[in-house]
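Here's a quick briefing to read with the model open in your viewer. Have a look at the fold, then go through the notes below.

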Amino acid sequence: MAQQNLSNNYTQGYSNFTLANHQRRTAEVDAAFLLPHIKKTDHILDVGCGPGTITTGFAKYASEGGVVGVDVSTVVLQKAKEFAAESNVPTEGPGSVVFEEGNVLERLAYPDDTFDIVYASQVFGHLAPPEKLLRALSEIRRVLKPGGILASRDGLEHHFYPQSLNLDRLWGHNLRRSISKGKPDPEPMGSRMPALFRKAGFDADGGKIRVGAGATVSSGPETRKWLRWRAAGQLKQGDTFHQSWLNAGITEEEIQETLLAIEKWSETEDAWFVSLQCEMLAWK
């Protein structure tokens with residue numbers, strides 16, 4: 001029941017096309033803003049770890065500590081365990097990585113003040129309404145040690161160039177609609193994180209919250225080809241991602257319009273894409 005609570009909020013599914021996107025994420029890119037703060041002896045919790053590529057990447061930075069990744073999906077946790085094994089990362093002792101089922105909307109299976117760092121990438125956008133977000137932040141704060149760091153990365157905007165293909169609306173806006181189940185928020189999740197951290201009890205006025213931003217740029221013919229492949233698979237009938245768009249009120253006609261625009265974009269010389277992210281650090 002508890003696991004269902006959180007998985008009901010996640011609409012994109014775990015098809016090979018969606019996981020292919022998640023598996024491209026790394027600690028060096030997606031947690032670069034956190035890495036300078038990791039000590040070798042730190043114990044790190046990765047909430048909503050997905051296929052574990054970032055989680056496993058933390059191991060070499062916490063070589064005398066340990067890393068735990070939690071997710072609600074047993075399917076994706078199995079992928080994470082396989083990736084860690086392929087990366088020759090130990091499952092016990094210093095520098096180890098373990099993966100466990102866990103639901104941040106319920107009580108995590110760890111005592112108060114357990115972790116030096118809690119990390120969450122692209123998690124909070126799936127936890128609407130605000131009371132669920134605050135519940136998750138409160139549970140994260142509980143398991144953080146005094147002085148521990150919460151680090152999060154959440155989407156701000158997607159921009160495609162050239163803009164004449166209207167992919168900012170067709171892909172970016174519709175993606176946000178699907179995540180929010182047809183009720184897009186007036187502000188993207190990343191823009192609201194500073195206020196949510198404050199409400200969760202982190203001391204913004206005392207300098208315990210740091211707001212930052214990062215950008216991921218995709219360009220070049222091979223990258224455009226890969227993005228076209230991924231989008232075509234995700235928006236194919238039968239994929240959970242495609243169904244999430246329909247459930248949000250996006251018509252099949254608009255989905256096909258989106259795919260056509262992505263195809264044109266992928267074939268446009270020098271076309272490129274940027275994803276902007278809010279990167280938050282907060283000290284307990």
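Two strands pair if DSSP finds at least two bridges between them. By that rule, strand β6 (residues 209-219) runs antiparallel to β7, with 11 bridges. Helices (H or I, at least four residues) and strands (E, at least two) are DSSP runs, numbered from the N terminus.

Some housekeeping: this is a predicted model, where local features need pLDDT of at least 70 and side-chain atom pairs count only at pLDDT 80 or more, while totals for chains, interfaces and linings use all residues. Residues are numbered from 1 along each chain as its sequence is written, and side-chain values use heavy atoms, with hydrogens and water left out.

**Overall picture**
- The protein chain has 11 helices and 7 strands.
- Its C-alpha trace spans about 50 × 40 × 40 Å along the principal axes.
- The radius of gyration (over C-alpha atoms) is 19 Å, which agrees with the value near 19 Å for a compact globule of 284 residues, the rule being 2.2 Å times the number of residues to the power 0.38.
- Of the 284 residues, 50% count as buried, meaning under 20% relative accessible area (1.4 Å probe, protein chains only).
- Taking contacts (heavy atoms within 4.5 Å) with a separation of 6 or more, 79% come from residues 24 or more positions apart.

**Strand β7 and its partners**
- In β7 (residues 272-283), 10 of the 12 residues are buried, so the strand is largely enclosed by the rest of the structure.
- Strand β5 (residues 144-161) pairs with β7 in the antiparallel sense too, over 12 bridges.
- F273 of β7 has F160 opposite, and E279 of β7 has G212 opposite.

**Helix α10**
- Which residues of α10 (residues 240-247) are buried? They are F241, H242, S244 and W245.
- Seen down the helix axis, those buried residues fall within an arc of 155°, so they line one face of α10; the arc is that of the directions from the axis to the C-beta atoms.
- Their cover includes α2 (16-22), α7 (167-179), α9 (221-234) and α11 (252-266).
- At the start of α10, a side-chain oxygen of D239 comes to within 2.8 Å of the backbone nitrogen of F241.
- Just after α10, G249 has a positive phi of about 90°.

**S180**
- S180 sits in the loop between α7 and α8 (189-199).
- Its relative accessibility is 18%, so S180 counts as buried.
- A polar atom of the S180 side chain lies 2.9 Å from the backbone oxygen of R176.

How values were computed: A polar contact is a pair of N or O atoms within 3.5 Å; within protein, one must be able to donate a hydrogen and the other to accept it, and residues adjacent in sequence count only if both atoms are side-chain atoms.
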